[in-house]
Amino acid sequence: LLDGLEALGVNAIGLFTESLRAHNPIDNVNGLAVDRFPTALTFLLDKVTGNSLVDVLISSMAFAMGEVNPDGPTLGNWSAEAAKALNVPVLQAINSVGTYAEWKESARGLNPLDTAMNVAIPEFD
């Protein structure tokens, strides 16, 4: 994905993390204070100004940036505040177990496993 974006002249920054659930309060994200900003995304902020260093965020993580609350409702919407403060479009990239050629030739598009893991299950997360 990064190579493809760079071939189009995009300044692509790869940020690899196992989770976006770890968070910290950040006083300045594009001028806004955010109580629960994903720690991994702090690398996308200018350390001096707090402004976003990116124009778009493409996430390949299939599941929510929320937390399971065993004592009550799942707190799945806390990440909306962080995304709003980052102030860039957030696109969801879908990971596939198949190859690009298989996907391109398929009339179905996503195979059943990819559909389950990247579309159906995240809707319930």
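**Pocket, core and selected residues of the chain**

Strand β3 contributes three residues to the lining of the largest pocket, the most that is given to it. The model described here is predicted. In this model, the largest pocket holds about 660 Å³ of space. Its lining comprises 23 residues. Nearest the centre of the pocket lie Ile 13, Gly 14, Leu 15, Leu 57 and Ile 58. Two elements, α1 (2-7) and β3 (57-59), each provide at least two residues of this lining. By residue class, the lining splits into 17 nonpolar, five polar and one charged.

The protein chain has 125 residues. Four helices and four strands are present. Read from the N terminus, the order of elements is α-β-β-β-α-β-α-α. Of the residues in the chain, 22% count as buried. Contacts between residues at least 6 apart in sequence were also examined. Of these contacts, 50% join residues at least 24 apart.

The largest nonpolar core has 15 residues. Val 29, Val 34, Phe 37, Leu 41, Leu 57 and Leu 86 touch the most other members of this core. Three elements, β1 (23-29), β2 (32-38) and α2 (79-86), each supply at least two of the core residues. The most comes from α2, which gives three residues to this core. Leu 86 touches Val 29, Phe 37 and Leu 57, among other residues. Its partners also include Asn 30, Leu 45 and Ser 52.

The relative accessibility of Leu 57 is 16%. Leu 57 therefore counts as buried, since the limit for that class is under 20%. Beyond its neighbours within four places in sequence, Leu 57 contacts Leu 41, Leu 44 and Leu 86, among others. Its contacts also include Val 88, Pro 89, Val 90 and Leu 91. Leu 57 and Val 88 are 31 residues apart along the chain. Their C-alpha atoms are separated by 6.8 Å.

Ser 59 is also found in strand β3. With a relative accessible area of 15%, Ser 59 is buried. A polar atom of the Ser 59 side chain lies 3.2 Å from the backbone nitrogen of Met 61. Apart from neighbours within four places in sequence, Ser 59 is in contact with Leu 91, Gln 92 and Ala 93.

The side chain of Asn 118 reaches the backbone oxygen of Asn 95 at 2.8 Å. Asn 95 is also on the contact list of Asn 118, together with Ala 62 and Ile 94. That list leaves aside neighbours within four places in sequence.

For Asn 30, phi is about 55°. For Asn 87, phi is near 60°. Neither residue is a glycine. Asn 30 lies in the loop between β1 and β2. With a relative accessible area of 26%, Asn 30 is partly exposed. Asn 87 lies in the loop between α2 and β4 (90-92). The relative accessibility of Asn 87 is 62%. Asn 87 thus counts as exposed, because that class begins over 50%.

Trp 103 lies in helix α3 (residues 100-105). Its relative accessible area is 45%, and Trp 103 is partly exposed. Setting aside neighbours within four places in sequence, Trp 103 is in contact with Gly 109 and Leu 110.

Technical notes:
Residues are numbered from 1 along each chain as its sequence is written. This is a predicted model: local features need pLDDT of at least 70, side-chain atom pairs count only at pLDDT 80 or more; totals for chains, interfaces and linings use all residues. Side-chain values use heavy atoms; hydrogens and water are left out. On a 1 Å grid over the protein atoms alone, a cavity is a set of points where a 1.4 Å probe fits but cannot get out, and a pocket is an open set with protein on both sides within 12 Å along at least five of seven lines; lining residues have an atom within 4 Å of a point. Grid points are joined across faces, edges and corners, and a volume is the space filled by probe spheres set on the points. Ala, Val, Leu, Ile, Met, Phe, Trp, Tyr, Cys and Pro count as nonpolar, Asp, Glu, Lys and Arg as charged, and the others, Gly among them, as polar. A nonpolar core is a set of buried Ala, Val, Leu, Ile, Met, Phe, Trp, Tyr and Cys residues joined through side-chain atoms within 4.5 Å. Buried means under 20% relative accessible area, exposed over 50%, partly exposed in between (1.4 Å probe, protein chains only). Contact means heavy atoms within 4.5 Å. A polar contact is a pair of N or O atoms within 3.5 Å; within protein, one must be able to donate a hydrogen and the other to accept it, and residues adjacent in sequence count only if both atoms are side-chain atoms.
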